[in-house]
Amino acid sequence: LSKGSILIHGTDKPFGVGRKASHGCLRLYPEDIPILFERVPVGTQVTIVREPVKVGVRAGRVYVEIHADEESRLDPLAEAKRLLTKRGLLGSADAQKLDAAVKEARGFPVDVSVDRS
């Protein structure tokens, strides 16, 4: 391995997949390793994207995913609002739920949809 290499490997601790739970390695579910090995040639360049704030829609519900990132200077609430606005979703997000999701920074998608009843 060269200096600065990042390893991609399986794990026996699936709760760590997709989270900052190691010293720079990328963890995958063990069942995904053979699929990756078959589809991606050895030596393929990989780009790692640091994206502590994500937004999305599933089944008509609005979700935000906030990761605690002590090294980032990004304001997670402002970034969530920017991304929601960009996708035309800000009006479908409950401000209190959004604020709570940002403060908790759970690292997985949280439903912040306005409940229209």
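Student: Which elements are included in what covers the buried residues of α2?
Tutor: This is a predicted model, where local features need pLDDT of at least 70, side-chain atom pairs count only at pLDDT 80 or more, and totals for chains, interfaces and linings use all residues. Residues are numbered from 1 along each chain as its sequence is written, and side-chain values use heavy atoms, without hydrogens and water. Helices (H or I, at least four residues) and strands (E, at least two) are DSSP runs numbered from the N terminus, and contact means heavy atoms within 4.5 Å. What covers the buried residues of α2 includes β3, β4 and α3.

Student: Which residues are buried in α2?
Tutor: Buried means under 20% relative accessible area, exposed over 50%, and partly exposed in between (1.4 Å probe, protein chains only). In α2, the buried residues are E79, A80, L83 and L84.

Student: Why do they count as being on the same side of α2?
Tutor: The arc is that of the directions from the helix axis to the C-beta atoms. E79, A80, L83 and L84 are the buried residues in question. They share one side of α2 because the arc they cover around the axis is only 130°.

Student: With which residue's side chain does the side chain of E79 make a polar contact?
Tutor: E79 sits in helix α2 and is buried, at a relative accessible area of 15%. A polar contact is a pair of N or O atoms within 3.5 Å; within protein, one must be able to donate a hydrogen and the other to accept it, and residues adjacent in sequence count only if both atoms are side-chain atoms. Leaving aside neighbours within four places in sequence, E79 is in contact with V53 and L74. Its side-chain partner, at 2.9 Å, is R82.

Student: Which residue caps the N-terminal end of α2?
Tutor: Look for a side-chain oxygen that lies 3.1 Å from the backbone nitrogen of L77. That oxygen belongs to D75.

Student: And which residue caps the N-terminal end of α3?
Tutor: Here a side-chain oxygen lies 2.9 Å from the backbone nitrogen of Q96. Past the helix, A105 takes a positive phi of about 40°. The N-terminal cap is D94.

Student: Which exposed residues does the face of α3 turned away from its buried side carry?
Tutor: Start with the buried residues of α3, which are L98, A101 and V102. They lie on the same side of α3 because they cover an arc of only 100° around the axis. These buried residues pack against β4, α2 and β5. The face turned away carries Q96 and K103.

Student: Is A59 buried or exposed?
Tutor: A59 is found in the loop between β3 and β4. Its phi is positive, near 55°, although A59 is not a glycine. With a relative accessible area of 79%, A59 is exposed.

Student: How many residues line the second largest pocket?
Tutor: On a 1 Å grid over the protein atoms alone, a pocket is an open set of points, with protein on both sides within 12 Å along at least five of seven lines, and lining residues have an atom within 4 Å of a point; a cavity is a set where a 1.4 Å probe fits but cannot get out. Grid points are joined across faces, edges and corners, and a volume is the space filled by probe spheres set on the points; here that space is about 480 Å³. I8, L36, V40, G43 and V46 lie nearest the centre, and the lining residues number 13.
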